[in-house]
Amino acid sequence: MDLFDYVRETSKEKESPLAARLRPTTLEEVVGQQHIIGKDKLLYRAIKADKLGSIIFYGPPGTGKTTLAKVIANTTSAEFKQINATAAGKKDMELVVKEAKDLLGMYQKKTILFVDEIHRFNKGQQDYLLPFVEDGTLILIGATTENPYFEVNGALISRSSIFELKPLEKSDIKTLLLRAIHEEQKGMGSFHADITEEALEFLADMAGGDARNALNAIEIGILTTERSEDGKIHITLDVAAECIQKRTVRYDKTGDNHYDTISAFIKSMRGSDPDAAVYYLAKMLYAGEDVKFIARRIMICASEDVGNADPMALTVAVSASQAVERIGMPESQIILSQAASYVACAPKSNAACNAISEAMESVRTVRTTVPTHLQDAHYKGSAKLGHGIGYKYAHNYPNHYVDQQYLPDEIAGSNFYRPGDLGYEKTIKEHLERIKKE
């Protein structure tokens, strides 16, 4: 490193964001994630013993994935290389692999490759790494905000340990904020700032488990707040509210948080919990989810989980879907709330869903023929084939019902639709039982 490189690195370190400056260098400095780095846990022991295999860190932003990779870099005797999947190409990977082979061959020294945002690699890029991970040329550490079982090559997954990082606890965020305010060397202790308890509680809560979000807010607060007469910078609740303004919702319309939230939304409607259904609806709307997508899910739930127990549920859902397309936001949130709460409160039945599933399975596995008396008898020559002969016209009989075989001989007696005992489906069940007895 020459003088100019040294000056650049020194300036970069001083000017880097607070979250980067406060990044721990040892396991003891890491806050949170004790479920994977507690002293009795596998990852802690592996890092301490410098016996890591390939691993993938998975979790929301700001939970410490890159931090743990940096800690490993500071503690391992292996060569540590880092690339970001958003910018790295095949040439970058080829260079890392070549250097890793040279180190292993000449010095028996292993190479750890940290790939940040590994889900951004396409299948071909992930496949390129596979043989080198398999033969031990590289020890892979991947970091991703997306569910690796959806986004990462299955072969890489099978050769790696998956560690899920959780959103930081509120107490963890408070610890980091206090460290940021008072730490002299890496934090902002030289600014002589303090923070009220209510402001600390507010920032820790509004950060939503994201350490970076909290540290960015306190950094802005300290840098932009004027000193008081006592010479100190006071971070009050009003200052804190201005710095963070709006909670960052952990929701990505293309990621697994999207699927987790819509799953919780549907399950809440199915489980007859209108409060939870409206909450998850609000979370999706807050994050900018497409109202047409939400409306489609409500329509599906109205048929799949309510069905004929309340046929009006589908009518309400379809009307809501049409209305949101015509009206748009913000008024559409009221319409979706009405539809979601109606479906959640409606009596439930999955009889229609089960009926078509079982019927589809029967069609797939059993070859059948339409009974002759039900076959089309409207064309010339059909009578000679016996089509339609013996068919009984239901409206000519009491209750507009007559006992005759409709299912093919091969599956005669099958019972696909079994109405339940809730809502209108109870009426349907009683009606069918009554007309068949009379």
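**View A. The largest nonpolar core of the predicted model has 31 residues.** A nonpolar core is a set of buried Ala, Val, Leu, Ile, Met, Phe, Trp, Tyr and Cys residues joined through side-chain atoms within 4.5 Å; buried means under 20% relative accessible area (1.4 Å probe, protein chains only). I173, I195, L203, I218 and I222 have the most contacts inside this core. At least two residues each come from helix 2 (18-21), helix 10 (170-182), strand 6 (193-195), helix 11 (197-206), helix 12 (211-224), strand 7 (233-235) and helix 13 (237-244). Helices (H or I, at least four residues) and strands (E, at least two) are DSSP runs, numbered from the N terminus. Helix 12 gives the most, six residues.

View B. Strand 1 is joined to strand 5 by four bridges, and F57 has F163 in strand 5 as its bridge partner.

**View C. Helix 5 (residues 65-75) has buried residues K65, T66, T67, L68, A69, V71 and I72.** Their cover includes helix 3 (34-37), helix 4 (42-49) and strand 1 (55-58), with contact meaning heavy atoms within 4.5 Å.

Residues are numbered from 1 along each chain as its sequence is written. In this predicted model, local features need pLDDT of at least 70, side-chain atom pairs count only at pLDDT 80 or more, and totals for chains, interfaces and linings use all residues; side-chain values use heavy atoms, leaving out hydrogens and water.

Technical notes. Buried < 20%, exposed > 50% of the residue type's maximum accessible area, 1.4 Å probe, protein only. Pairing = 2+ DSSP bridges.
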